[in-house]
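Biologist: I would like to learn how to read a model of this kind. Please take one feature at a time, with the general idea before the case.

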Amino acid sequence: MTDTPIAEEPTPPPSRSPWRYALVALPLVIAGLVFWWGYNRAQPHQFSGAVIQGVSAAPDFTLSSDRGPVSLSDYEGKVVLLYFGYTFCPDVCPTTLFDVAGAVEDLSDDEAEDVQLVFVTIDPARDTAERLGQYVRHFDGRFVGVTGTEEEIGSVATLYGIYYRAGEGTEATGYLMEHTATLLVVDRNGNLKLVIPFGVQSDAMASDIRYMLR
Amino acid sequence: MSRPLVGILTVLALTAAACGSDADIEVSDVWGRPSPAVATNGAFYMVITNNADTTDHLISVASDACGVAELHESMMSDGVMSMSPVDAAGIEVPGGGRAALEVGGLHVMCVDKQADFVAGETFDLSLEFDNAGTMVVEAEIREG
């Protein structure tokens with residue numbers, strides 16, 4: 001760069017013009033925001049999963065955690081997320097717990113206080129209460145993992161329409177479980193309200209949970 | 001810009017371009033999620049690009065981080081998730097195409113973890129391809 005003089009100065013705009021624009025634009029922006037707010041309030045919440053219409057009481061059950069017996073009714077008044085999985089699972093189960101942990105993290109402390117994740121093993125032969133406890137708390141210290149006898153797990157799974165079966169594995173893995181990999185959400189009134197499929201991201205889950213906490 | 005500098009940059013650019021496209025198989029975004037210490041198994045994901053004209057297959061994976069590493073696929077059918085080893089042919093990577101090993105789909109199942117899968121850790125994976133032979137890639141443990 002040199003100090004060569006610029007040939008032609010651009011004509012300066014009239015000094016009061018920007019303010020005039022602002023005077024016109026501001027009410028428009030405010031009107032837009034008010035409309036947007038009203039529009040959003042008028043829209044029903046879009047859930048990321050399948051909504052269970054009507055009243056469908058979530059059946060109570062009691063299973064064992066490494067910190068004592070756990071019943072669904074212990075969490076009355078909270079939003080409970082129920083997941084049936086197994087700790088031997090390397091892909092889908094840890095991903096789901098990771099996503100739920102992310103959703104809970106998105107909530108305020110007060111909101112998170114009223115949310116409980118319960119991980120029910122469908123592989124009680126390999127998942128002891130101790131293993132489950134350590135496993136779920138890796139994702140969030142508030143998560144609870146429960147197990148029981150084959151019969152107890154079977155009857156809870158049946159109550160919630162969860163399918164599972166030991167499928168073929170390899171020499172190294174032994175059997176691998178096939179299982180319904182949805183997240184069931186019980187509302188504050190103890191009703192089964194929402195079924196979230198695998199693959200829903202944390203922010204969408206958080207939005208559903210927040211709505212159900214209102 | 002000075003002439004020698006332009007020359008050096010040109011050589012560098014050509015070298016980089018050559019390195020980028022020379023290999024028939026390129027593997028990128030190799031990662032695994034932090035996993036609870038108590039969990040027996042972990043998983044690795046990656047994207048495999050085949051620059052050759054012919055189809056190749058990822059046949060096997062080995063790593064010191066795993067007692068055994070297997071190629072698996074998670075499959076969803078009517079809400080039921082199942083996971084099974086891929087067949088002996090391995091994972092197909094079409095010529096000029098790619099294969100994605102990703103969450104909820106194809107993945108490396110790291111059976112009997114031999115190390116802690118904590119964020120920031122890296123592990124070497126030895127990948128064996130039908131045509132391209134063996135290559136070692138580095139997997140990073142990260143949250144997503």
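Modeller: Start with burial: a residue is buried under 20% relative accessible area, exposed over 50%, and partly exposed in between, using a 1.4 Å probe and protein chains only. At 21% relative accessibility, A:Glu111 therefore counts as partly exposed. This is a predicted model, in which local features need pLDDT of at least 70, side-chain atom pairs count only at pLDDT 80 or more, and totals for chains, interfaces and linings use all residues. Side-chain values use heavy atoms, without hydrogens and water, residues are numbered from 1 along each chain as its sequence is written, and chains are lettered from A and ligands numbered from 1 in the order in which they are written.

Biologist: What does A:Glu111 form a salt bridge with?

Modeller: The general idea is that side chains of opposite charge can pair when their charged atoms come close. The rule used here asks for a side-chain nitrogen of Lys or Arg within 4 Å of a carboxyl oxygen of Asp or Glu. A:Glu111 pairs with A:Arg210, and their closest N and O atoms are 3.5 Å apart. The two residues come from distant parts of the chain, 99 residues apart: A:Arg210 is in helix α6 (residues 202-213) of chain A and A:Glu111 in helix α3 (residues 109-113) of chain A. A:Arg210 is partly exposed, at 34% relative accessible area.

Biologist: How are those helix labels assigned?

Modeller: Helices (H or I, at least four residues) and strands (E, at least two) are DSSP runs, numbered from the N terminus.

Biologist: How many salt bridges does the structure hold over all chains?

Modeller: Over all chains there are eight. Among them is the pair A:Arg165 and A:Glu178, with closest N and O atoms 3.0 Å apart. This pair also links distant parts of the chain, 13 residues apart, with A:Arg165 in strand β7 (residues 164-170) of chain A and A:Glu178 in strand β8 (residues 174-180) of chain A. A:Glu178 is buried, with a relative accessible area of 18%, while A:Arg165 is partly exposed at 41%. A:Asp140 forms a salt bridge with A:Arg142, again with the closest N and O atoms 3.0 Å apart. Here A:Asp140 is buried at 9% relative accessible area, and A:Arg142 is partly exposed at 41%. In chain B, salt bridges link B:Asp29, B:Glu140 and B:Arg142 in a network.

Biologist: How do I read the length of a helix, say α2(A)?

Modeller: The expected span of a helix is 1.5 Å times one less than its number of residues. α2(A) has 15 residues and reaches 21 Å from its first C-alpha to its last, close to the 21 Å expected.

Biologist: Why is α2(A) described as largely enclosed by the rest of the structure?

Modeller: Because eleven of its 15 residues are buried. These include A:Val92, A:Cys93, A:Pro94, A:Leu97 and A:Asp99.

Biologist: And what counts as a cavity?

Modeller: The largest share, three residues, comes from β2(B).

Biologist: What is the make-up of the lining of the largest cavity by class?

Modeller: Ala, Val, Leu, Ile, Met, Phe, Trp, Tyr, Cys and Pro count as nonpolar, Asp, Glu, Lys and Arg as charged, and the others, Gly among them, as polar. The lining has nine nonpolar, four polar and two charged residues.

Biologist: What is the secondary structure of chain B?

Modeller: Chain B has one helix and ten strands. Of its 144 residues, 41% count as buried. One of the buried residues is B:Leu71, at 7% relative accessible area, in strand β4 (residues 66-77) of chain B.
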